[in-house]
Amino acid sequence: MSDAGRFLRILSQSAKAVRSYTLRTVFCLVSVAFGIASITLIVAATEGAYQKAFEIVARFGPDSLLVFGGGEEARATGRRQKTITLDDIDAVRDAFSTAYLVVPMTAMRDVPVSYRNRKYQSLVIGSTSDYSRVWTWPVVQGSDFTDDDVRGLRNVGLIGQFLASELFGDEDPVGKTILIKRIPVKIVGVLSERGTTPTGERLDDRVIIPISTIMRKLQNETTYVSAMRIRFLDRENLYAHVEELRTFLRARHKLPTEEPDDFTTVSPREITKFLVALTGSLVAFLGITGVIALVVAGFVIANLFLLSVRERTQEIGIRRAAGAKRRDIMFQFLGESVLITTLGGLAGFALAFASSKLLTSVAEFPIHFSSKAFVVGMVLSWAVGIGFGLQPANRAANLKPIEAIKG
Amino acid sequence: MPICILEDIKKTYRMGDIDVMVLRGVNLLVERGEFIAIMGASGSGKTTLVNIIGCLDVPTSGRYILADREVSRLSDDELSVIRNEHIGFVFQNFYLLPYATVLENVLLPSLYVEKSKDDFVKRAHDLLAIVGLRERTKFKPSQLSGGEQQRVAIARALINDPDIILTDEPTGQLDSKTAGEIMDLLVQMHDRGKTIILITHDPNVAKYANRIVTMKDGVIV
């Protein structure tokens, strides 16, 4: 019989003790389960946030930038400054040779939109015929509007699926004319369904019309737009382009060095950051509870095992008399604590899984369970089992046989 | 050839600031297949002597040769192996594991065997038949009487086929009728060729042995 055989025989003794000392097992198991549950949930939530972020980045284009008018501060206080001009956009198009799409956009929120007697407040965006391409947002019914439509200030538009069903119900919107404020706009196409943003904004509640139309007919504006979206051929240089673009626009806007930017660039990195920060509050809360719960669990284990060692002195004595070495006793007790924390870890994982179902049902929260969350949970369980089981196991192993036999 | 040779065994315990000499030079020779009783009042040092013979403790000085091997200076791990291979213990309080079955209790010493190809489970069943507990293999110790528990302990002591059965007051917890049955069982084991070293203060128990030695004040008189 090999060493592995001996180890397995001792582990089976641990398993018997775990089964027999039920109360100790239950207490230790439950306390570990709570700690592991919250930590597993953290890992799953963080992963969920990142995954969601990558999904969004992938959908909106990992090679693209969005530049808004107004600095970070202005945006944070809710003011939208218009600082980007149509000339800026033409200049960017000329200066950046790898920018294969540079598309202006102007947005108006809560604009009254109606079809016959149905009314709705919606987002109206002015853009070019490249809008659907630059957002990788295909037109699924009808067709896109054209460059001629933009040049001719025509009253045509694309509609999002949510708004389409609000205004048209089951009717086909293509070819119908809606009113945006008092301007009739003919719907030429319907955009594919996009769902909601992580903050709960409906993406499919919008109308897209030519930028020339919105500026002249709805805004009485000739120069400024809200934003521009740029896609680059060389996505590996994206963050270099962010800096180049910043210098370029600062120079065009003639900003002195001490002045902050009067525009904000949103790159895939910002999207990821934002989403992860959104998850951050939950992570912090669960992180603290998780760590506290695990430490408490550790002390519960250490104490119950020390009691157990005292109570089972005679068992240790007879095992030593029968030929158990110190390390056999050590392995047995460590085996007991690790078996219990392993079970606790599995229970914690199940608990986390159940509570994540609850979390996602009350709020749309991205939680993603992967083997990573499982591995982190298991490794932590073992760490607690070994870390806090070590001292009691050591005490058991160091009992002198003659003292232990006496009881 | 003797199985145990003890030469001038001394054992000193440190109690606070003073050294107490519990064994003051014990000389003892136990032949293979002998049934020997060591008698003595409490405080005579007989328990300390048993611990040394059983390799649970080492002497302060002197030589102890067990089965042709000097064991008085071995490490803790080496002593564990010696106990496992050469000595079967039967204690006054039985010391069965409360959460293990009769069969699992008998198998306990076999868990710690270094190298063996024996079929211990079959052997355990055979031993339980010999001690008269063939039908009780799945019982827990708490379901057994004191006498039955001690029979389990005897089967456990025999599972690794040791050279010596070392037993300290095996009948101390039993009524006289059950005590007689347990002593008969030990005699039966002796008849099968085992060396038995019995420690007792009770002359009625000691009389089962072939030879009686008496300890007094840390020496054999």
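Trainee: Where does R24(A) lie relative to F305(A)?

Mentor: A charge sits over a ring if NZ of Lys or CZ of Arg is within 6 Å of the ring centre and within 35 degrees of the ring normal. Here R24(A) lies over the face of F305(A), 4.2 Å from the ring centre. Likewise, R229(A) has its charged end over the ring of W135(A), at 3.8 Å from the centre. Keep in mind that this is a predicted model, where local features need pLDDT of at least 70 and side-chain atom pairs count only at pLDDT 80 or more, while totals for chains, interfaces and linings use all residues. Residues are numbered from 1 along each chain as its sequence is written, chains are lettered from A and ligands numbered from 1 in the order in which they are written, and side-chain values use heavy atoms, leaving out hydrogens and water.

Trainee: How do I read two rings together, and how many aromatic pairs are there over all chains?

Mentor: You describe such a pair by the distance of the centres and the angle of the planes. Rings of Phe, Tyr and Trp (its six-membered ring) pair if their centres lie within 6.5 Å; planes under 30 degrees apart are stacked, over 60 edge-to-face, and the rest tilted. The structure holds 14 aromatic pairs over all chains. One of them is Y115(A) with F168(A), tilted, at 4.3 Å centre to centre and 45 degrees between the planes. Y115(A) sits in strand 3 (residues 99–115) of chain A and F168(A) in helix 7 (residues 161–168) of chain A, 53 residues apart. Helices (H or I, at least four residues) and strands (E, at least two) are DSSP runs, numbered from the N terminus.

Trainee: Are Y115(A) and F168(A) buried or exposed?

Mentor: Buried means under 20% relative accessible area, exposed over 50%, and partly exposed in between (1.4 Å probe, protein chains only). Both Y115(A) and F168(A) are buried.

Trainee: Why is strand 11 of chain A said to be largely enclosed by the rest of the structure?

Mentor: Six of the six residues of strand 11 (residues 227–232) of chain A are buried, so the strand is largely enclosed. In a regular strand, side chains alternate between the two faces of the sheet. In this case A227(A), R229(A) and R231(A) point one way, with M228(A), I230(A) and F232(A) pointing the other.

Trainee: Which way do strand 1 and strand 11 of chain A run?

Mentor: Two strands pair if DSSP finds at least two bridges between them. Strand 1 (residues 64–69) of chain A runs antiparallel to strand 11 of chain A, with five bridges joining them. S64(A) has R231(A) as its bridge partner.
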